[in-house]
Amino acid sequence: MVQPVRVLLPYREELVGDIRRSRWHGGVIDLIMDSVGGMVGIANFISKEDKLATIDLRIDDLQGAKAFNYFKII
């Protein structure tokens with residue numbers, strides 16, 4: 001059965017990258033996406049011998065995500 005992955009990151013001033021426009025730091029969003037990708041990969045392991053390769057992650061942020069009370073990925 002497929003289970004959804006949900007990530008909820010509470011707001012902290014230290015995680016804001018652009019204080020003038022109140023935007024999350026892009027590295028925080030990249031970290032969450034990379035971690036969720038790893039969780040999905042590991043969740044599909046069939047045996048203890050399965051392996052998970054790392055990736056070269058590059059994301060071009062077109063627009064910063066507004067920093068509110070939390071950052072949520074569903």
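Is isoleucine 32 buried or exposed? Isoleucine 32 is buried, at a relative accessible area of 9%; buried means under 20%, exposed over 50%, and partly exposed in between, with a 1.4 Å probe and protein chains only. The model is predicted: local features need pLDDT of at least 70, side-chain atom pairs count only at pLDDT 80 or more, and totals for chains, interfaces and linings use all residues. Residues are numbered from 1 along each chain as its sequence is written, and side-chain values use heavy atoms, leaving out hydrogens and water.

**Helix α1**
- Isoleucine 32 sits in helix α1, residues 26-43. Helices (H or I, at least four residues) and strands (E, at least two) are DSSP runs, numbered from the N terminus.
- The buried residues of α1 are Val28, Ile29, Asp30, Ile32 and Val36.
- An α-helix has 3.6 residues a turn, so residues three or four places apart point the same way.
- The 18 residues of α1 should span 26 Å at 1.5 Å a residue, and the end C-alpha atoms are 26 Å apart, which agrees. The expected span is 1.5 Å times one less than the number of residues.

**Contact along the chain**
- Isoleucine 32 and valine 7 are 25 residues apart along the chain, with their C-alpha atoms separated by 7.8 Å.

**Aromatic pair**
- The whole structure holds one aromatic pair. The rings of tyrosine 11 and tryptophan 24 have centres 6.1 Å apart and planes at 75°, so the pair is edge-to-face.
- Rings of Phe, Tyr and Trp (its six-membered ring) pair if their centres lie within 6.5 Å; planes under 30 degrees apart count as stacked, over 60 as edge-to-face and the rest as tilted.
- Tyrosine 11 is in the loop between β1 (7-10) and β2 (16-18), and tryptophan 24 is in strand β3 (residues 23-24), so the pair ties together parts 13 residues apart in sequence.
- Tyrosine 11 is partly exposed at 35% relative accessibility, whereas tryptophan 24 is buried at 3%.
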